[in-house]
Amino acid sequence: MKKINLLFTLVALFIITSCGDKDTTKNLNLNLNGLEDLGSAYVYEGWIIVDGAPVSTGIFTVDGDGKLSVSSFEMEEDVLKSATKFVLSIEPKVDSDPAPSDTKILVGDFNGSSANVSIGTVGDFADASGKYILATPTNGMPSNENSGIWFLDLSSGSPVAGLNLPTLPAGWKYEGWVVIDGKPVTTGKFTAVDATDEADPFSGDMPLGMVNNGGFFPGEDFLNNAPSGLSFPTDIAGGTAVISIEPSPDNSDGPFTLKPLVHEIPSSATDHTTYTMEQNLNFPSGIVNR
């Protein structure tokens, strides 16, 4: 009888051990560079795609030095092995939606035990280019012309779109900026390079549809309602022109880390002269290991 009981005990232990093997876990490790602090209202959330469906790997924040608050996440091993892709999204800190947001910043396919991730879903910026002029068409007169910027190309004598940028997916918008005396000041968000942007907080009273000889382009005149510490009108020569890619909804009132086009405005810049921007493609990237 004792031998039979011992046999049953060994069989039971084998079954328990075998079942336990099915629930083994493994860590997903993130080695990501170039991410920025999202502030108090937003977080990053990782996802793996398993059988076409997203599975959350967990949330984390990033400090001012780019360090992740958590870089290793415990997952069920079988689920992790079945993943075909890793996605990193930006999510509200208080989030009632269990699915990923539209604002996906990094993505990469698993190849064996790792995935190289990049901003591929945001767009391909290899051919991005930009031109702009200084002018203040919304004051209706040729004065303070170095106090405005418009992202257009006037080199042919007639205004045409100055920006060559890919169409952004849902969850992202472009935004123009001028850094004036060290302070970034928005020129407005936009999604089309041949249309007016979404805001004109500093422009004059002339309707935007009448500026630039009837053309429609992103831009801003810095004539009114200057932010604290600045005075408008002002000469923006010597400042910096920037095109950024912003999360939508936006996490802050400053430029996001994705800035595909920049240009130091010459200190000797003259109005209605076309200037060319440079590419700035130092985007976040990294490796995800499973």
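Predicted model: local features only at pLDDT ≥ 70, side-chain atom pairs only at ≥ 80, totals over all residues.
Side-chain values use heavy atoms, with hydrogens and water left out.

The secondary structure comes to two helices and 20 strands, taken as DSSP runs numbered from the N terminus (helices H or I of at least four residues, strands E of at least two). Of the 290 residues in the protein, 44% are buried, where buried means under 20% relative accessible area, exposed over 50% and partly exposed in between, with a 1.4 Å probe and protein chains only. Among contacts with a separation of 6 or more, 64% are between residues 24 or more positions apart, a contact being heavy atoms within 4.5 Å.

A search of the whole structure finds 10 aromatic pairs (rings of Phe, Tyr and Trp, the last by its six-membered ring, with centres within 6.5 Å; planes under 30 degrees apart are stacked, over 60 edge-to-face and the rest tilted). Two of these pairs are set out below.

| Pair | Geometry | Centre to centre | Angle between planes |
|---|---|---|---|
| Trp172 and Phe256 | tilted | 6.0 Å | 50° |
| Tyr174 and Phe190 | stacked | 5.6 Å | 25° |

Trp172 is buried at a relative accessible area of 4%, and Phe256 is buried at 0%. Because Tyr174 lies in strand E13 and Phe190 in strand E14 (residues 183–190), their pair ties together parts that are 16 residues apart in sequence; both Tyr174 and Phe190 are buried. Elsewhere, ring pairs link Tyr44, Phe60 and Phe73 into a cluster.

Asn139 is placed in the loop between strand E8 (129–134) and strand E9 (148–150). The side chain of Asn139 makes a polar contact of 3.4 Å with that of Thr136 (a pair of N or O atoms within 3.5 Å; within protein, one must be able to donate a hydrogen and the other to accept it, and residues adjacent in sequence count only if both atoms are side-chain atoms). The Asn139 side chain also reaches the backbone oxygen of Ser143 at 2.9 Å. Leaving aside residues up to four places away in sequence, Asn139 touches Glu145, Asp221 and Leu223.

How values were computed
Residues numbered from 1 in each chain as written.
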